[in-house]
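Here is a note for someone opening this structure for the first time. Please read the points with the model on screen.

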Amino acid sequence: MSSHLVFVESNMSGSGFEALAAAKRMGHRVSFLTCDLSYYVGGVGETLDTALIDRVARCDTDDVEAVLAAVREVGRDHPVDAVLTMSEWHVAVTAAAARRLGLAGSEPDAVAAARDKSRTRTLCQAAAVPIPAFRRVERTDTLDDADIPVPCIVKPVDELLSIGVKLCASATEARAHVRHLLEERSQIGYRGRPRTPAVLIEEYLDGPEYSVETLTYEGTTSVLSVTRKLLSPPPAFVETGHAVPAPLDPDVRTACEEVAAAALAAIGYTFGSAHIELRVTAAGPKLIEVNCRPGGDRITRLVTLATGIDMVAEQIGMHLGRRPELTGRTDRGAAIVFLPSTAGRVDEITGTVQARAHEGVVDVQLYVETGTETGSHGDNTDRFGHVIAVGPTSTAALQRAEAAAQSIAFTVAAAADAYSG
């Protein structure tokens, strides 16, 4: 039966557009609330297919009252059955709006706790969830060397895409990065949104990084997959690829799943999708952060390719009162690798046809074209594109994706010569 779904904004890294496509594939009416539609159309790389949307309503999507007014307006002729988002920046306002409208959604307090990484830490610490030692720092705080574990991670309390995250090898370096985040960089961030003037200083967790992809319905959390995360060398932590399912010892996998479920319970998360990041240390898995939405970076597509479960479609079903259906899984591997960018003007791109011809490759996408001017930020926005591949295992899929990526080369004006993705 057709329902009317209202999506509040979208991310640009896979799950947002996937959810819109899934909603239309399921036969639903789709309204899209945005402060500026031009953000999603007319650019290079993946852009919004407006044919997936029945109605666009412009409003201040950072304001609950504005979102409520827009939902009521689009619902005049077609009553609204669900309000949801796949955008990290809009999970809090969406949860609050759904609650006010009496619709299914995440607990607003739980979402707010996840958006502030220091609050997540405090709640998880009280619930005995394994976390790194940490301290929240604001502008008026003073820092002694004894307050700073070395090495340590310094990062904003509410950013994503690894923006501002840095491994610091000394107390002096840590204080300098704190000062940069709180005083030197602009306090206006993504789409003009003010940044929270606070940072975390926390113990560096030595060990490989993973994420746990979950759906929680009526307080019960189901794990769809554990994802292997590929990272650039420190001091930055740029995500260079992902593989599903992570090749883990069964006991370690179970421990990761238990930490993820415990973290969700600690913040009071009883409904919705989640993407929980952690590191497996010598002492076992420890939590990095909780995100109350599906993983970005096409992780939802990897989950579908590897398991046969359409995570975003199941989340839509949850918002319409249907328990997620997680049976009938397939068993293979899927992986994505990103084509790293460098600052300058892209003069030439070669090898995409060859990359698409590689065994197991299911998607090659470029985010730039010749003439595109690019910057370098030291975070997950430093990408020229991606390659996705499948295989009998995630290791095989990753090898195929990496081989295909090596076929693609970019000539950048600021570089001495071409380099390969």
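1. Start with an aromatic cluster. Ring pairs join F17, F32, Y39 and Y40 into a cluster. Rings of Phe, Tyr and Trp (its six-membered ring) pair if their centres lie within 6.5 Å; planes under 30 degrees apart count as stacked, over 60 as edge-to-face and the rest as tilted.

2. A word on the source. This is a predicted model, in which local features need pLDDT of at least 70 and side-chain atom pairs count only at pLDDT 80 or more, while totals for chains, interfaces and linings use all residues. Residues are numbered from 1 along each chain as its sequence is written, and side-chain values use heavy atoms, with hydrogens and water left out.

3. There are five aromatic pairs in the structure. In one of them, the ring centres of Y217 and F271 are 6.1 Å apart and the planes stand at 50°, so this pair is tilted. Y217 belongs to strand β9 (residues 209–217), and F271 to the loop between α7 (250–267) and β12 (272–281), so the pair ties together parts 54 residues apart in sequence. Helices (H or I, at least four residues) and strands (E, at least two) are DSSP runs, numbered from the N terminus. Y217 is buried, at 10% relative accessible area. F271 is buried too, at 8% relative accessibility. Buried means under 20% relative accessible area, exposed over 50%, and partly exposed in between (1.4 Å probe, protein chains only).

4. Look next at F384 and F410. Their aromatic pair is tilted, with 4.5 Å centre to centre and 40° between the planes. F384 sits in strand β18 (residues 383–391) and F410 in strand β19 (residues 409–412), so the pair ties together parts 26 residues apart in sequence. F384 is buried, with a relative accessible area of 0%. F410 is buried, with a relative accessible area of 0%.

5. How many salt bridges does the structure hold? The count is 27. A salt bridge is a side-chain nitrogen of Lys or Arg within 4 Å of a carboxyl oxygen of Asp or Glu. Side chains of opposite charge can pair when their charged atoms come close.

6. Take E202 and K155. They form a salt bridge, with the closest N and O atoms 3.1 Å apart. E202 lies in strand β8 (residues 198–203) and K155 in strand β6 (residues 152–156), so the pair ties together parts 47 residues apart in sequence. Is this pair buried or exposed? E202 is buried, at 4% relative accessibility. K155 is buried, at 5%.

7. K166 forms a salt bridge with E173, the closest N and O atoms being 3.4 Å apart. K166 is partly exposed, at 26% relative accessibility. E173 is partly exposed, at 26%. Salt bridges with shared partners join R55, E73 and R76 into one network. Within it, R76 and E73 meet at 2.7 Å, N to O. R76 is exposed, at 64% relative accessible area, and E73 is partly exposed, at 34%.

8. Now the strands. β9 pairs with strand β10 (residues 220–231) in the antiparallel sense over eight bridges. Two strands pair if DSSP finds at least two bridges between them. T214 has V223 of β10 as its bridge partner. The two strands, β9 and β10, form a hairpin with two residues between them, and E218 in the turn has a positive phi of about 50°. β10 also pairs with strand β11 (residues 239–244), antiparallel, over four bridges. There K229 stands opposite H242 in β11.

9. Last, helix α5 (residues 117–126). Its buried residues are K117, S118, T120, R121 and C124. Down the axis of α5 they fall within an arc of 155°, so they line one face of the helix. That arc is taken from the directions from the helix axis to the C-beta atoms. The cover over the buried residues of α5 includes α4 (108–115), β5 (134–138), β6, β8, α7 and β13 (284–291); contact means heavy atoms within 4.5 Å. After α5 comes A128, with a positive phi near 65°.
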